[in-house]
Every structure is written in structure tokens, then in C-alpha cells.
Amino acid sequence: MTVDASGLESERHQLERSGTAERVAAILRQYITDGVFAPGERLSEPVISSALGVSRNTLRESFQLLAHERLAVHELNRGVFVRVLTTEDIEDLYVVRRATECGALRRAAELSTVDLTPVEQALRDGRTAAAAEDWPAVGTASIHFHQALADLAGSERISATMRQVLAETRLFFALNENTREFYEPFLDCHEQILRDLRRGRFGVAEAALDRYLRDAEARLLALSGPAT
């Protein structure tokens, strides 16, 4: 199965100033994060290079970056594919998520002001998608919510770490059914965390976030079955 790269042409403007492999990798990473490119799909060199208007060499460099981030794998004589995660991967990812996201809230508590606008927007997007029963979009909004939480720390390194980790997490989401039962509980947890942040109760929000992440990990592992 080969990815549908038709939407990539609209991303060309991002490459006008810098057609680097890093910028190409960032675009592809976002497509993975948003669930456009699913686990197991082949990342076709001719299709993607044509859509983005970049050379094959540049694209290959971007593939190497994605492979380093564990988002893509190269299979000999077959090409480059979006990676498929194992249950061991998800366990490790949630170790990193708890350390990074909870740490970001502790750092945010030390700042004089924090901008909750992106967090609020992500929650609104999730509620809107749920009302339309668009559960994959609820999943995307959840990813954006957690990225916005990490961004509260005001650290580019924390934000960059979360972008990579959340892209990997989305790979695992894609292997499970997009249902109300799976995604809807996330929204109430998001609401609680945001409510505590608005009140300046960062410690309470952090504790709620830790519980949320542990519960989400347990539910994903239960859905995935035995480790592979």
C-alpha cells in the first residue's frame, strides 16, 4: 500500500525559503502525526518528491531523519515505509511522555505567565470533531492538545521531543479502531487538566495528566494484545 501524497502539493510554500531535508522531514512528520500517512504505507520517492518539488537526494536525506526518529523504516529492495510499532514501543513511549509532559507542566509553573490559547483551541477542536462523530479528528485534536501542553514549558527541545514522541504515538493509534469508546474519554480528561491550569493549579493538573497517561497506556496495551 502506497501513501496518497496528493495533499503534499499544498505544502510547497513551506519549502520556498529552505528546501532542506529537515524541512521536508518536518512536513512528512506532521502528515504522520495527523494520521494522513498510516503505519505500513510506502513512502514513494517519485510521488513525494514530485508533490513537494524536491530532489530525490533531498527526500532520501529526509527519510534518513525519519528513520532516525523511528518513524520510518527502509526495507531492502522494497523502499521506505511508515513504521509499525510494537507493544514494547508503546510502553517506552509512555515512559517518555510522562517524563516530558509532566516535566513541562512543572516548568510552566515556574514561569510568570503561560499562554493557554493553543491548549484551549485543541480542546475546542476535539469537542467539535466529537460532535460530528469524526473520531480520527478527535485523535488528531488530542495529539495537538498534548503538544500544546509540552509547549507551555517554553523550551524548543521539549517541544521537539514531544513532536517526535507524539508522531510515534499516533502510529499506534492508527492500528486501533477509531471509535467513540476509545477517544471520547480523552476529552473529559483534557477538560479537567485545562480547568486546573486556568486556576493556576499546576500540581493538580500534573497529577491528573500522569493518571491520564497511565490509563491511556493501559488501554492501548489492552487493545494491542501480547507484545510482538
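**Entry 1: the pocket lining.** I looked up who lines the largest pocket in this predicted model, and α1 gives the most, with five residues.

I then sorted the lining by class and got three nonpolar, four polar and four charged residues. For the volume of this largest pocket I noted about 180 Å³.

**Entry 2: the hairpin.** Next I checked how β1 and β2 pair. Residues 72-75 form β1, residues 79-82 form β2, and the two run antiparallel, joined over four bridges. Looking across from V73, I found F81 of β2 opposite. Three residues sit between the strands of this hairpin, and N77 has a positive phi there, near 65 degrees.

**Entry 3: two helices packing.** For α4 (residues 87-110) and α7, I got an angle of about 145 degrees and axes 10 Å apart. Their crossing is left-handed.

Which residues make the contact? From α4 I listed T87, I90, L93, Y94, V96, R97, T100, E101 and A104. From α7 come I158, T161, M162, V165, L166, E168, T169, F172 and F173. By class, this contact of α4 with α7 has 11 nonpolar, four polar and three charged residues.

Conventions. Residues are numbered from 1 along each chain as its sequence is written. This is a predicted model: local features need pLDDT of at least 70, side-chain atom pairs count only at pLDDT 80 or more; totals for chains, interfaces and linings use all residues. Side-chain values use heavy atoms; hydrogens and water are left out. On a 1 Å grid over the protein atoms alone, a cavity is a set of points where a 1.4 Å probe fits but cannot get out, and a pocket is an open set with protein on both sides within 12 Å along at least five of seven lines; lining residues have an atom within 4 Å of a point. Grid points are joined across faces, edges and corners, and a volume is the space filled by probe spheres set on the points. Ala, Val, Leu, Ile, Met, Phe, Trp, Tyr, Cys and Pro count as nonpolar, Asp, Glu, Lys and Arg as charged, and the others, Gly among them, as polar. Two strands pair if DSSP finds at least two bridges between them. Axes are lines fitted to C-alpha atoms, for helices over the stretch in contact, and angles run from 0 to 180 degrees between N-to-C directions. A crossing is left-handed if the near helix is turned anticlockwise from the far one by less than a right angle, and right-handed if clockwise. Contact means heavy atoms within 4.5 Å.
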